[in-house]
Structures are given as C-alpha cells and as structure tokens.
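Thanks for coming. I will go through one model today, sheets and cores to begin with, then pockets. Please have the sequence and the structure open.

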Amino acid sequence: RGRKMASDEQAVSVVSVNVGGRVFHTSARTLGRVAGSVLGSNELITRCAAHASAPDSHIMPFFDRDPNMFEHVLAYLRTEADESLVLPDDPQQQQKLRNEAVFFKLDALRNAIDSIETDNNVSSNHSAKPQETTAAPSLSAATTATPESADSHQVEAVQEERQPVQRYTRYVVLMFERVIVVSDNKPVAGYFVINGKQSSMETEGWFSSFELESLQSAFRVAVSRLLEKHAELGYRVLSTNTDVSTVRGVVPAEKKPVDYHLIYTLTTLLERTS
C-alpha cells in the first residue's frame, strides 16, 4: 500500500518541460498518458522527476518544437474519455499539429486530424459539383481564346502550384550543452548536445588523460556552424544565456566511478529579420 501511494504521488507530481523556449508545467501522469509516445517514455518521466526534485542539479528536459502547437498537444493529453477533443479549425494549424503528433508519436491525435482532413475533402468535392454545373455557361467567354493561349494559362497554373513555399518562424531557440565527465577530480570523458542531438562521447584517455581542449574546440565549431546556418536564413542573435551545473552519477562498473558531470549550457534566442 505504501508503494502504491508513493507511485500515485509521483504520477500527480508537477513536472516541467521546455518546448521552444517556453516552460510548460503539467503532471507526470499527463505526460505518461500515451504509452509508447515520446512524452510517455520512462526516460523522460525520470528526467522530469529528477529536475522537479533537484532543479539545481538536473537540467529541465528540452524539445526544439513549436510551443504554440505544444499547447494543443497538452490539451489532447489532458482530455478525458468523456470529453470532446477540440482541434484547430485552420487547415494550416491542423497540419502543424499533425507534425507535432508524428514527432511525439501520438498516433490517435494524428488519426483524428487525418479524419478531419478526409471529411473536409469529401465536403469540398460535394460542394464543387454544383459549381461546375452553374459555371458552365460562363465558359462561352473563353471560347474566343486560341488553343495556344489556353495551354499557356494551364502551364502557368501548374508552375504556380509547384513552387515551394518556405515558411520560417520569427523566433528560434537553440540550446547547446557541453558535458565533461569528472573522475578523481580529473576530466576523463566528454560530449556535447545541440538541441537534443548528442555527439559521440570522447572516451579516449578514460584510464589516462583526456583531451579537454579537443572537446572544447569541437563544441565551438559546432556552435559557430549552426549559428552561421541560421544567419544565412536571416536570423540574428537576440539574446544569450549561460549556465553551469553539476550532476552526480556513475557509469558501468567496468569503468571508473564518476564523481560528477560538469554541464555548461548556452541558450541562444534568434530573431528573423529578413
């Protein structure tokens, strides 16, 4: 009974996640509602619980996704079985939300959006038929056009439809983390994480020396390249924030015990100006 009460308390405990630079607060039970999803994974729930219990020692989980769409994702997870699911009316917003459903592996949410799109297509097909009948007499004005001009208009219409439309958000948040593993007061390994993607761990010198400067140099190059890539898209650095924290932990027994992980975090807010 005591274990069950502890489990229930953990499930309803307030946890936080950072999505696109905005912090969302919810319960562990809500995040874990869909088994097999990204948000319902044991790893994420454990990280959220660790941050909730010791925020100074554990980094808040971060997702480089659209925070506006994550509001709908949370609303979906909070919807009870006897409640109606409310989705955006705008087709573009529906497509954005579908992308988030695919990313977070929320199949039921994706299917719900697909069913709306199917219903809309059926409705549009039915409504299009009477319009074709009533619009037929007006085609008499186009009978004076030459076949060549009609073909050229069709080619132009096809070309316009095929032109890709590039859309960029106004603000972008980039998070860079450099992690150094310390054992016996010496750096023995390290890696860096950029927007959730981890580099390969530098394990050379685990039992001897570790080339700390090599890791720092690679980290600086990775940061510079990503910032340059966004600069080419018209983004400029609006603000930066740095933080240094330590997390205690151990590694498998065949390796040296770890005193702590030294984590340097750089968060950059970019704004698109062109």
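Twelve bridges join S4 to S8, and the two strands run antiparallel. Before going on, the ground rules. This is a predicted model, in which local features need pLDDT of at least 70 and side-chain atom pairs count only at pLDDT 80 or more, while totals for chains, interfaces and linings use all residues. Residues are numbered from 1 along each chain as its sequence is written, and side-chain values use heavy atoms, with hydrogens and water left out.

On terms: helices (H or I, at least four residues) and strands (E, at least two) are DSSP runs, numbered from the N terminus. Two strands pair if DSSP finds at least two bridges between them. Strands of a sheet pair through backbone hydrogen bonds, either parallel or antiparallel.

Phe176 has Leu266 in S8 as its bridge partner. On to S7, residues 235-247: twelve bridges join S7 to S8, again antiparallel. Two of the pairs here are Val237 opposite Leu270 and Arg236 with Glu271.

What is the strand order of the five-stranded sheet? The order is S6-S5-S4-S8-S7, in an open sheet with antiparallel pairing. S6 (197-198) and S7 stand at the edges with a single partner strand each, so one side of each has no neighbour in the sheet.

There is also an open sheet of three strands, ordered S2-S1-S3, with mixed pairing. Its edge strands are S2 (22-27) and S3, each pairing on one side only. S1 and S2 run antiparallel and are joined by six bridges; Asn18 stands opposite Val23 in S2.

For the chain as a whole, the secondary structure comes to eight helices and eight strands. Of its 274 residues, 31% count as buried, where buried means under 20% relative accessible area, exposed over 50%, and partly exposed in between, with a 1.4 Å probe and protein chains only. A contact means heavy atoms within 4.5 Å. Among contacts with a separation of 6 or more, 62% are between residues 24 or more positions apart.

Now the cores. A nonpolar core is a set of buried Ala, Val, Leu, Ile, Met, Phe, Trp, Tyr and Cys residues joined through side-chain atoms within 4.5 Å. The largest one has 26 residues, and Leu39, Phe70, Leu77, Leu106 and Leu109 touch the most other members. At least two residues each come from S1 (14-19), H2 (28-31), H3, H4, H5 and H6 (107-135). H4 supplies the largest share of this core, six residues.

Leu106 is in contact with Val34, Ser37, Val73, Tyr76, Leu77 and Ala101, leaving aside neighbours within four places in sequence.

Is His230 buried or exposed? His230 counts as buried because its relative accessibility is 13%. Beyond neighbours within four places in sequence, His230 is in contact with Val172, Leu174, Tyr235 and Leu270.

Last, the pockets. Rolling a probe the size of a water molecule over the atoms shows where empty space is left. On a 1 Å grid over the protein atoms alone, a pocket is an open set of points where a 1.4 Å probe fits, with protein on both sides within 12 Å along at least five of seven lines; lining residues have an atom within 4 Å of a point. Grid points are joined across faces, edges and corners, and a volume is the space filled by probe spheres set on the points.

The largest pocket holds about 920 Å³ of space. Of its 23 lining residues, Arg65, Asp66, Tyr168, Thr169 and Tyr171 lie nearest the centre. H4 (67-78), H5 (91-103) and S4 (171-183) each supply at least two lining residues, and H5 gives the most, with six. By class, this lining has nine nonpolar, eight polar and six charged residues. Ala, Val, Leu, Ile, Met, Phe, Trp, Tyr, Cys and Pro count as nonpolar, Asp, Glu, Lys and Arg as charged, and the others, Gly among them, as polar.

The second largest pocket holds about 760 Å³. Its lining has 23 residues, with Glu43, Arg47, Ile59, Glu177 and Val193 nearest the centre. H3 gives the most to this lining, four residues. The classes are 14 nonpolar, six polar and three charged.
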